[in-house]
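Visitor: I would like to learn how to read a model like this one. Please take me through the features in turn.

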Amino acid sequence: MTQAIDSQTVVQYLLEHPDFFEHHADILPELKLTSPVIGKAISLHERQIEVLRSRNKTQELQLSSLMHNARENRQLMDKFLDWTCRLMQHRHETDMPRVVIDTLKATFNVPDASMRLWNTLPEHAQNWFAQPVDETIRQYAGNMASPFCGRVTPQNRNIIEWLSNPAVIRSAAIIALSGKEASMPSGLLVLGSPDATRFQNAMATDFLSLIGKLASAALADLLATD
């Protein structure tokens, strides 16, 4: 009487003898597997071909995704370079906040944007960008480890009020602005959109951080020395 062999024993044997099918190639056509593609029994060879096709398809999709991301990143960096050049064309420091806002909106197609700076030089105290900011907003800025990106929340609603039409804003990006050799932020830049999906929590904030660094450099001459 033939002793029953459990499947794990068979698996272990095949792993220990990887050349088994080379020495017993005649049994390959007899081995049948159910195909998840066509839903019927096929030979081992046919199943191997299906697996290879599936792997190739997965790799093609991954490559396509990488190429798509690369194109998007290139387009984004081209826009960032364009924005940098626009900022460098302006030299009048008092106009710089408006230039930062207008060029950001135009270059990146942002529906609305604004900012506030604190610790500005006395001669700028009456300008729109230096209007008084509540201490809770300064604390909010000081606690930011990275830019905020997502739906409007009660915690940032008072910042959204800086925008021209805050009632329609559903998502926003909020970026801290640093002063000259500052350890704490000296301002906030806010970008807003009526589209709730324009700025999402899952989005990477590296690019927003770059925007913050360049905007901070462009605005540095408006601030008092820390």
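Visitor: What should I know before I start?

Guide: This is a predicted model: local features need pLDDT of at least 70, side-chain atom pairs count only at pLDDT 80 or more, and totals for chains, interfaces and linings use all residues. Residues are numbered from 1 along each chain as its sequence is written, and side-chain values use heavy atoms, with hydrogens and water left out.

Visitor: How many helices and strands does the protein chain have?

Guide: Helices (H or I, at least four residues) and strands (E, at least two) are DSSP runs, numbered from the N terminus. Here the protein chain has seven helices and six strands. Their order along the sequence is α-α-β-β-α-α-β-α-β-α-β-β-α.

Visitor: What share of the residues counts as buried?

Guide: Buried means under 20% relative accessible area, exposed over 50%, and partly exposed in between (1.4 Å probe, protein chains only). In this protein chain of 226 residues, 34% are buried. The accessible areas come from the Shrake-Rupley method with a 1.4 Å probe; for residues, only the protein chains shown count as cover. The protein chain exposes about 14600 Å². Carbon and sulfur atoms supply 54% of that area.

Visitor: What share of the contacts joins residues 24 or more positions apart?

Guide: A contact means heavy atoms within 4.5 Å. Among contacts in the protein chain with a separation of 6 or more, 58% join residues 24 or more positions apart.

Visitor: Now the largest pocket. What is its volume?

Guide: Rolling a probe the size of a water molecule over the atoms shows where empty space is left. The search uses a 1 Å grid over the protein atoms alone; a pocket is an open set of points where a 1.4 Å probe fits, with protein on both sides within 12 Å along at least five of seven lines, and lining residues have an atom within 4 Å of a point. Grid points are joined across faces, edges and corners, and a volume is the space filled by probe spheres set on the points. The largest pocket comes to about 730 Å³. It is lined by 22 residues, and L76, F108, M203, F207 and L208 are the closest to its centre.

Visitor: Which elements give two or more residues to that lining?

Guide: They are α3 (44–88), α4 (96–108) and α7 (206–219). Helix α3 gives the largest share, seven residues. By type, the lining holds 14 nonpolar, four polar and four charged residues. Ala, Val, Leu, Ile, Met, Phe, Trp, Tyr, Cys and Pro count as nonpolar, Asp, Glu, Lys and Arg as charged, and the others, Gly among them, as polar.

Visitor: Which residues touch the most other members of the largest nonpolar core?

Guide: In soluble globular proteins, nonpolar side chains tend to be buried together. A nonpolar core is a set of buried Ala, Val, Leu, Ile, Met, Phe, Trp, Tyr and Cys residues joined through side-chain atoms within 4.5 Å. The largest one has 29 residues, and W83, V100, L189, L191 and I211 touch the most other members. At least two residues each come from α3, α4, β3 (112–117), β5 (171–178), β6 (185–193) and α7. The largest share, six residues, is from α4. Another core lies apart from this one; its 16 residues include I137, M144, I169 and I174.

Visitor: Where is W83, and what does it touch?

Guide: W83 sits in helix α3. It is buried, at a relative accessible area of 0%. Beyond neighbours within four places in sequence, its contacts are V100, T103, L104, T107, F108, I211, L214 and A215. The C-alpha atoms of W83 and L104 are 6.9 Å apart, though 21 residues separate them along the chain.

Visitor: Is L189 buried or exposed?

Guide: L189 is buried, at 0% relative accessible area. It belongs to strand β6. Its C-alpha atom is 8.7 Å from that of I101, 88 residues away along the chain.

Visitor: Which loop holds H124, and is H124 buried or exposed?

Guide: H124 lies in the loop between β3 and α5 (135–142). It counts as buried, with 2% relative accessibility. Leaving out residues up to four places away in sequence, H124 touches E93, T94, F129, A130 and L222.

Visitor: What is the phi of N109?

Guide: About 55°, a positive value, although N109 is not a glycine. N109 is in the loop between α4 and β3, and counts as exposed at 59% relative accessibility.
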